[in-house]
Each structure stands twice: as structure tokens, then as C-alpha cells.
Amino acid sequence: MILAKNIHKYFGSLEVLKGVDLHIKKGEIVAIVGPSGAGKTTLLQILGTLDKPTSADVLIINKKDITKFNDKEISKFRNQHIGFVFQFHQLLPEFTALENVCIPAFIANRSKDETITEAKKILDFLGLSERYEHKPNELSGGEQQRVAVARSLINKPDVIFADEPSGNLDTASARNLYKLFFELRSKFGQTFIIVSHNHELANMADRKLEIRDGIII
Ligand code: ADP
Ligand code: MG
């Protein structure tokens with residue numbers, strides 16, 4: 001699913017990633033751990049095509065060599081194949097839960113009726129059937145994060161990247177969120193790459209990758 005070799009990233013003269021290699025298989029749930037400032041977010045953004053490496057020998061995502069894509073091709077690829085869940089859910093405040101979930105599908109030009117049906121199905125699966133019309137500020141933290149997960153799923157991505165998704169949740173909501181990731185993996189075969197400080201999640205994952213000083217140890 002993801003093959004990366006010798007990824008380097010500089011911000012000015014600061015070398016944040018110093019030759020990262022990794023190989024993640026389809027359907028794996030991988031936790032990325034490491035101290036603050038180690039480069040976890042930077043790596044996730046590069047693997048998720050939101051940022052570009054300064055140099056890379058190989059960066060293949062879902063069989064595509066994304067280093068060969070132009071910006072337009074990358075955006076399209078991201079919209080179709082990649083889902084994101086962030087620490088701060090980043091839902092659009094003006095829109096309802098249902099609308100927030102539908103937006104990536106509308107960007108992909110999918111039909112309105114099909115999208116709404118699909119979005120409701122996902123929200124139902126996530127236990128949010130009573131929340132379609134709620135705006136983000138009318139939802140609890142755990143509910144907001146589940147809406148964000150629903151949004152990440154609407155285009156049936158092959159891989160979902162999550163950057164400290166439980167960072168703002170209480171213990172019970174965090175645990176429910178991880179359980180959900182595992183359920184989604186068994187139901188849809190999705191691959192998950194999750195940055196987390198949470199030991200419980202990191203230990204549940206199939207694999208734990210530790211990043212320290214810009215390399216995976
Ligand atoms: P982590 O997620 O592991 O806490 P980050 O990947 O966010 O770490 O950051 C790694 C290092 O890169 C930090 O020293 C951070 O200050 C720096 N950094 C991250 N993004 C930028 C940026 N856009 N410009 C300059 N420096 C950055
Ligand atoms: Mg980070």
C-alpha cells in the first residue's frame with residue numbers, strides 16, 4: 001500500500017526527516033509514535049500527499065509513484081484514495097454533520113442523491129443517526145471526531161491517515177474511536193496510519209513505528 005525509501009524533508013536548514021524508510025501493507029493498522037517535534041506530523045503529511053518531501057528515492061502510494069504527479073493529479077489522487085482525520089476535527093462550522101460528510105464526495109463530482117444516501121449510511125454505522133442536522137458546535141467532542149471519521153470515509157479511501165485523532169477526547173471516547181478504526185478495517189479492509197501518544201492505541205495496532213530525530217528506529 002505504501003512504500004517509502006530514503007525520505008528527507010528540510011524546513012529551511014532544519015532537517016526534520018533524515019532518510020525515512022517504511023513499507024505498509026494493505027489493511028494494516030500502524031501506529032506512529034515518538035516525542036513531540038520528532039517529525040511525525042511532517043511524515044504523515046508527506047505520506048498523505050499534503051506536503052512534498054525535499055527528496056525521496058521511492059514514494060509509492062497505492063501502486064502509484066506520486067513523485068511523478070503534478071499538483072492537479074495529486075489533488076485528484078488524494079480526494080479519491082486518501083482520508084484524513086486530524087486532532088482538531090476541522091469540520092466546517094457553518095455546515096451540518098451530514099453536509100460536512102458529503103463535501104469530499106461533491107468535490108469528486110459524485111451525484112447528490114447517491115452521496116447523501118451513502119453519508120447517512122456511514123453516519124448510521126458510526127452511531128450518529130440522530131445527528132444528521134447538527135452543526136459541529138452542537139456535537140460532543142467524540143461525536144465531532146466520529147463525523148470527521150465519516151467524512152474521511154465518504155470517498156472510500158484506500159488509506160486513512162490520522163494525526164493524534166484522540167488528542168482531544170476523554171478516555172472513553174478515545175477508546176471508542178480506536179475500536180471504530182478496527183471495525184472499519186475488518187469491514188472495509190482499510191489501511192490506517194495513526195500518529196498517537198496514546199499507549200493503549202499504539203499497543204493495539206498491528207505495528208508500532210517509532211520516529212526519533214527524523215528516522216524510524
Ligand atoms: P511532531 O508531529 O512529531 O511533533 P512535526 O512534524 O510537527 O513534529 O515537526 C517536526 C519539526 O519540524 C519541529 O521542529 C517543527 O518545529 C518543524 N516544522 C514543522 N513544520 C514546519 C514548517 N512548516 N516550517 C518550519 N518548521 C516546521
Ligand atoms: Mg504532530
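**Entry 1: helix α3 and its cover**

I began with α3 and asked which elements cover its buried residues. The cover includes α2 (71-81), α4 and α5, where contact means heavy atoms within 4.5 Å. Helices here are DSSP runs of H or I with at least four residues, strands are runs of E with at least two, and both are numbered from the N terminus. The buried residues I noted in α3 are Ala 97, Leu 98, Asn 100, Val 101, Cys 102, Pro 104 and Ala 105. For the word itself, buried is under 20% relative accessible area, exposed is over 50%, and partly exposed is in between, with a 1.4 Å probe and protein chains only. After α3 comes Asn 109, with a positive phi near 65°.

A note to myself on the model: it is predicted, so local features need pLDDT of at least 70 and side-chain atom pairs count only at pLDDT 80 or more, while totals for chains, interfaces and linings use all residues. Residues are numbered from 1 along each chain as its sequence is written, chains are lettered from A and ligands numbered from 1 in the order in which they are written, and side-chain values use heavy atoms, with hydrogens and water left out.

**Entry 2: Thr 96**

I then looked at Thr 96, in the loop between β6 (82-85) and α3. Is Thr 96 buried or exposed? Its relative accessible area is 8%, so I logged Thr 96 as buried. Setting aside residues up to four places away in sequence, Thr 96 touches Tyr 132, Glu 133, His 134 and Lys 135.

**Entry 3: the two cores**

Next I looked up the nonpolar cores, meaning sets of buried Ala, Val, Leu, Ile, Met, Phe, Trp, Tyr and Cys residues joined through side-chain atoms within 4.5 Å. The largest has 38 residues, and Leu 123, Val 147 and Val 149 have the most contacts inside it. Which elements give two or more residues to this core? They are β3 (29-33), α3 (97-107), α4 (112-125), α5 (141-153), β7 (159-163), α6 (171-188), β8 (191-195) and α7 (199-204). The most comes from α6, which gives seven residues.

How many of the eight residues of α1 (residues 40-47) are buried? I counted six, so I call the helix mostly covered. They are Lys 40, Thr 42, Leu 43, Leu 44, Ile 46 and Leu 47. Just after α1, Thr 49 has a positive phi of about 65°.

Val 195, in strand β8, counts as buried because its relative accessibility is 0%. Beyond its neighbours within four places in sequence, Val 195 is in contact with Ile 32, Lys 40, Leu 44, Ala 162, Asp 163, Glu 164 and Pro 165.

Ile 74 lies in α2 and is buried, at a relative accessible area of 6%. With residues up to four places away left out, Ile 74 touches Thr 49, Lys 52, Ile 66 and Phe 69.

Lys 26 lies in the loop between β2 (14-24) and β3. Its relative accessibility is 57%, so Lys 26 counts as exposed. I still found contacts for Lys 26 with Met 1, Gly 189 and Thr 191, not counting residues up to four places away in sequence. From Lys 26 to Ala 38 I read 12 residues in sequence and 26 Å in space, C-alpha to C-alpha.

**Entry 4: the whole chain**

Last, I stepped back to the whole protein chain, which has seven helices and 10 strands. Buried residues make up 49% of its 217 residues. Along its principal axes the C-alpha trace spans about 50 × 40 × 30 Å. Among contacts between residues at least 6 apart in sequence, 71% join residues at least 24 apart.
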